[in-house]
Amino acid sequence: MRTSLLGCLLLVTSVAADDKPLAGAVIVVDPGHGGQTYARSYTGGTVGVNSKLTEGELNLRVGLELANMLKQEGATVHITRVADHRLSKTGSPAKDELHARIDLFEHHNCHFFISVHHNAGPAAATGHTTIYKHNAKDDTLYEAIAREVNDALAVAVPGPKRRLIRDDYHLTRETDIPGTISEAGFLTNTAFDKLANDPAFPKKEATAIAAGAAQYWRVHKKALVKLREELSAARAQNPVDPNTYTAIELNPEHREAMRTLLGQIAPDGKYDAAKVAEYLTAFKKLVDPSVKFDMKATHDGKQIKLTGSVSDRKYHDQFLDVLVAMKLYGITNDVVLPKTAAKP
């Protein structure tokens with residue numbers, strides 16, 4: 001029997017795909033600490049000691065490179081963000097921003113996750129480490145991903161390979177999905193800060209992390225497949241109310257609220273950063289008239305700039321969520337917010 005040329009090509013492609021180091025793996029890449037430049041609420045992160053490069057931006061540069069590499073190695077990859085924005089509502093507490101990542105890990109039913117971070121510490125601090133789950137009955141799958149990534153980072157990050165961290169962190173504590181938080185270098189160290197701003201560095205760091213991920217999958221594939229099936233079945237037995245998700249892209253109530261606002265502010269459904277002043281003018285018509293809302297919005301061709309002042313930050317936060325829903329990022333926020341009342 002003859003085999004068609006197309007059939008041969010499909011067979012070769014299938015075999016080649018199956019031969020890739022991460023074939024079959026479902027991975028979530030999380031570039032940590034998004035939106036810290038505009039949110040005016042705690043999202044963590046640090047900045048380069050001299051460059052003032054935000055950790056959120058460096059995390060994103062590395063995360064985007066990493067996601068592409070993992071895909072090329074055969075994995076199905078989801079990424080928590082592809083631009084500078086929060087994953088939870090503006091103004092929500094740090095816990096919500098952290099838990100939004102858990103929502104996404106579990107929604108995508110991944111085999112494992114990698115959360116990209118960079119460290120802060122004394123000026124002389126160097127090196128890298130990774131974090132793993134502190135409350136697992138069996139450390140095997142949790143310690144292993146941290147160890148493989150930390151070992152691999154040795155070729156990309158100067159300084160010592162520090163001991164793995166097994167401590168109480170939200171991202172590892174609140175889900176049974178294996179994963180690690182990488183802390184690849186200290187932005188408070190002048191030498192690392194300079195290195196981190198080299199355009200070639202994000203790819204170098206991502207290459208190292210991807211190598212660790214591939215090794216982890218090679219050694220633990222069977223156990224990871226089994227655990228994913230068990231965790232997926234358990235979640236199906238006890239489904240989460242989607243309106244409790246802190247990840248705004250998954251929360252139907254939030255999405256509906258944004259659809260309503262967008263319909264009032266930009267009914268044509270077309271969003272352009274150059275029109276941000278028009279959007280703000282339309283938004284102001286929806287603000288309680290008893291509230292002082294003197295925000296201003298401009299666009300200089302690159303950045304949206306918010307200035308002015310408000311007496312109730314609720315509307316300030318809501319307008320930022322509108323910009324995120326429009327996928328208009330690159331926001332500089334100098335709005336004067338009301339002082340938080342001191343606790344008695």
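In strand β3 (residues 112-119), S115 is the bridge partner of D30; helices and strands here are DSSP runs, numbered from the N terminus, with at least four residues (H or I) for a helix and at least two (E) for a strand. The model is a predicted one, in which local features need pLDDT of at least 70 and side-chain atom pairs count only at pLDDT 80 or more, while totals for chains, interfaces and linings use all residues. Residues are numbered from 1 along each chain as its sequence is written, and side-chain values use heavy atoms, leaving out hydrogens and water.

Strands of a sheet pair through backbone hydrogen bonds, either parallel or antiparallel. Two strands count as paired if DSSP finds at least two bridges between them. Strand β3 has parallel pairing with β1 (residues 26-31) over five bridges, and I27 stands opposite F112. Strand β6 (residues 179-186) also pairs with β3 in the parallel sense, over six bridges, and here H117 faces E183.

Stepping back to the whole sheet, six strands form an open arrangement in the order β2-β1-β3-β6-β4-β5, with mixed pairing. Strands β2 (76-79) and β5 (165-166) stand at the edges with a single partner strand each, so one side of each has no neighbour in the sheet.

How many residues of β3 are buried? Eight of its eight residues are buried, where buried means under 20% relative accessible area, exposed over 50% and partly exposed in between (1.4 Å probe, protein chains only). F112, I114, V116 and H118 point one way, and F113, S115, H117 and N119 point the other way.

Helix α2 (residues 55-72) touches β1, β2 and β3, and its direction makes about 145° with that of β3. Contact means heavy atoms within 4.5 Å, and axes are lines fitted to C-alpha atoms, for helices over the stretch in contact, with angles from 0 to 180 degrees between N-to-C directions. Helix α4 (residues 140-153) lies across β3, β4 (128-132) and β6, running at about 170° to β4.

Two packed helices are described by the angle between their axes and the distance between the axes. For α2 and α7 (residues 201-237), the axes come within 8 Å and cross at roughly 45°. The two helices are therefore oblique to each other; angles under 35 degrees count as roughly parallel, over 145 as roughly antiparallel, 65 to 115 as roughly perpendicular and the rest as oblique. Among the residues in contact are V62 and L66 in α2 and A206 and I209 in α7.
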